[in-house]
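Let's take a walk through this one together, starting with a loop and ending at an interface. Have the structure open as you read.

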Amino acid sequence: MLKYYLQLALLSLRQHRVLTALMVLTLAVGIGASMTTLTVMRVLSGDPVPSRQGQLFHPEVDPWPMDRYVAGQTQPPPNLSYADAMGLMHASRATQQVTLTTSRAKLLPHANGEHPFFADTVMTTHGFFGTFDTPFEYGGGWSQAQDDSRERVMVIADALNRKLFGGTNSVGKSLRVAGHDYRIVGVLAPWDPQPRFYDLTLRGRGYGAGDMLYMPLEAALDDGLHSSTMNCYDSGDFSKPRVAPCMWLTLWVRLTSSAQQRDYRAMLHSYVKQQIAMGRLHRPDARLMSMRQWLDDRQAVPDDVRVQTGMALGFLLICIVNTIGLLLAKCLRRSREIGTRRALGASRAAIFAQFMVESAIVGLSGGVLGLVLAEIGLWGVRHQPVSYASLAHLDPLMFAFTFVVAVSAALLAGLLPAWRACVVAPAPQLKAG
Amino acid sequence: MNIRPILASLRKHRLPVFLLVLEIALACAVLCNAVSMIATRWSDLGVNSGIEEPGLSLVTVNGNDGDRAAADIPRNLAALHGIGGVRSAGMITGVPLSNSMWVTATGTTPFDSTDMRQKASSTAVYIAGRGALDTLGVRLVAGRLFRDEDYIGAGIRSDYQSQASVVLISQSFAQTLWPGQSALGKTIYSLGHTHYTVVGVLADLAAPSLSGLGPNTRYHTIVFPGAPNSEFDTYLIRSRPNEQARVMREAMATLQRLQPQAVISAKTYAKVRAGYFDDARNMIAMLVLVAAIMLAVTAVGIIGLSSFWVSQRRRQIGVRRALGARAIDILRYFQTENLLLSCGGIVLGMAAAYGINLWLTMHYDVPRMPWFYLPVGAIALALLGQLAVLGPALRASRVPPVVATRSV
């Protein structure tokens, strides 16, 4: 029976070539546009550290004075001063924790005739590598003891290792930064979380080229490296970052159970109370944000991308309505044919099935063509000068999803016309002839 | 034209009517918002930076020994002036539309950290060395630019406040601080009780980021004179536009020779500005594309359904023609029918457009849509409908009266 319906459908579609082409094209364009933007959305809103899903949290306290404070409305700023970052690190019972800021370090290539260049740098504590579960190609991170003794060690990214050492094991070699030799203790395997969650409030670059150097915070500060951001809440000497009344560090903690989260929250609030009692802080607010809340709060997915996605979905809706209209027109035109088939004994279900098969063919073709258009669209996104360009690829899951959406969109579009077709009363149609 | 028979006939085809109205409504809603978003971004693209852009090149020098700035910078500038085609050169801490911003808080009365948020507002700071303002090509509205003595001793303190005593201010910002008064000779306060005398008002000089300081603050900018210091990282060079490439190449070579340890890069200002608007241009292209395809799809839908209607009513048209209706009456009939459907869709669509815009303004950084976008969008869709229906309607008007006499 299905074979017969397929034959009928193909015959009917061939009879109205232009109309069929228009239906397939409309559906394909709608699917192509919405899948392109949905893929970009999905890529941009992924979990940057999947192996630590639900375990990474970002504590925030508010060092601003009480002026303009509105209880319940004023949100703490995202970054911490050195005093608060270190205070929380000491007070905390977190499983793993790390404080960090971004900077850039000038590197001198070994080869003669090459110009010095800047490497994007993370100044951090030993907990960085464990907390974020970074993969190592060679060697490993540094220790708490090395942090404390301000030893000049560093971890470099795979890309820098390839650039400077041709990808060989460079552990034990040194790089000269700010007039001092830093010994390489580890080389990361390619690792670049997207969005680069820890950078969103530092350099504000969530996508694009990643960091090259990871240096111990205290040693790097001693050697005069600066944070790339300094947001000051009071006047003072801004040239000494450890005592400046400025926010320039972010803190991340790994909390694996809800009990740990509860304890950390309690610790955070008691820390703030204690600091208010000492007169260092004034505002009582503090918050502990999960990774998801953090990404939403910092609008890691650009507004433009969200608006584009909404727009494309609206567009898909228009395309579906349009396809329904065209299918309906096409099927109502065939009332005579339906009447004849019904009079010859075809059941309503048979008519319904016949028209659904026809819609499904339109849907499948529209879906396949839509997929092609989505690939072209993503190719277009990859060639745009936006920071997330290189991420725009269709993964297998999205591919499957696209296909299911395409076919269901077409079946949905076919439902109404098929139903209208099967309720056609045979007698008037035959009489009309 | 009597619309009663048209309405009666539409009532008999509720489903196609509903679909067509829905499609036009959706298209109207999306179109109005897309055009509104395009317009906002388009107006940003043309923003006046307040400087003479053609012929301006930037050479950025980083990674120097900051302590030697006082000796290095005058020497480097002298070397740059020696390059053929360089008309002027100077150093500055940033340029408009470069996204890299130095911000301070300024007010018209003294303030400190406890009342800063009431008495002061965020302001973008430029610190300009000797020759920088001429090279930028800023335009003075009132007062004077810096004199040589203004630069002497104008360093930067450890709390990042300028040690200068005078300041230039953008016209719009001056109007915000002192509405209806001349800003000349007024005192402007910065954090830490430092204060400066306004000696000149500039035709609006844009901040490095148009939205970085908050809404309507793109011209909240002040300019301090600066003696050579370690915060200077950008050499401004003015030359004839067609010589920029060569001048930049020679400037980079000269600076690299003088400071082999520095990291040096160069760009034309045109490129800086274009880079700032990359995202906006992408968005415009995307919105235009979506709007255009959407209109095409809507037109296709209208053509498809009208053709169906026409072919379904061939006999009815033939009867009308046989009873004396002229071809033009048939044409008018289908045109009027389409207009009625369009009107229904447009009314729904305008309401939806307004609703969507309201939602967008609440959730995203999208400005309110000016009211006249609604009628303009409505007219555009009505015209689109008329254009789309023209073909099928003409075909209908050519149905010969003899059709009425045939049984099939």
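Ala178(A) is partly exposed because its relative accessibility is 39% (buried means under 20% relative accessible area, exposed over 50%, partly exposed in between, with a 1.4 Å probe and protein chains only). You'll find Ala178(A) in the loop between β6 (174-177) and β7 of chain A; helices (H or I, at least four residues) and strands (E, at least two) are DSSP runs, numbered from the N terminus. The phi of Ala178(A) is near 50 degrees, a positive value in a residue other than glycine. Most residues other than glycine have a negative phi, and most peptide bonds are trans.

Keep in mind that this is a predicted model, where local features need pLDDT of at least 70, side-chain atom pairs count only at pLDDT 80 or more, and totals for chains, interfaces and linings use all residues. Residues are numbered from 1 along each chain as its sequence is written, chains are lettered from A and ligands numbered from 1 in the order in which they are written, and side-chain values use heavy atoms, with hydrogens and water left out.

Chain B has a positive phi of its own to look at: Asn99(B), not a glycine, has a value of about 75 degrees. Asn99(B) sits in the loop between β2 (88-92) and β3 (103-107) of chain B. Back in chain A, there's a cis peptide bond between Gln194(A) and Pro195(A), with omega at about -10 degrees. Pro195(A) belongs to the loop between β7 and β8 (213-216).

With 0% relative accessibility, Gly186(A) counts as buried. Who surrounds Gly186(A)? Leaving aside neighbours within four places in sequence, its contacts (heavy atoms within 4.5 Å) are Phe136(A), Tyr138(A), Gly139(A), Gly140(A), Met154(A), Val155(A), Ile156(A) and Val171(A). Take Phe136(A): it is 50 residues away along the chain, yet the two C-alpha atoms are separated by 6.9 Å.

Next comes helix α10 (residues 303-332) of chain A, where Thr309(A) is placed. Thr309(A) counts as buried because its relative accessibility is 5%, and beyond residues up to four places away in sequence it touches Thr37(A), Leu38(A) and Met41(A). Leu316(A) is in helix α10 too, and is buried at a relative accessible area of 10%. Leu316(A) and Leu27(A) are 289 residues apart in sequence, but 7.7 Å apart C-alpha to C-alpha.

Finally, the interface. Here 49 residues of chain A are in contact with 51 residues of chain B. The two chains bury about 4,500 Å² between them, 68% of it on carbon and sulfur atoms; buried area is the accessible area (1.4 Å probe) that two parts lose on being put together, summed over both. Asp67(A), Met311(A) and Ile318(A) supply 14% of the area that chain A buries against chain B, more than any other three residues. How many salt bridges are there between chain A and chain B? The count is one (a side-chain nitrogen of Lys or Arg within 4 Å of a carboxyl oxygen of Asp or Glu). Asp304(A) forms a salt bridge with Arg41(B), with the closest N and O atoms 2.6 Å apart. On the side of chain A that touches chain B, α2 (17-44), β2 (96-107), β3 (117-124), α10 and α13 (396-422) each supply at least two residues, and α10(A) gives the most, with 18 residues.
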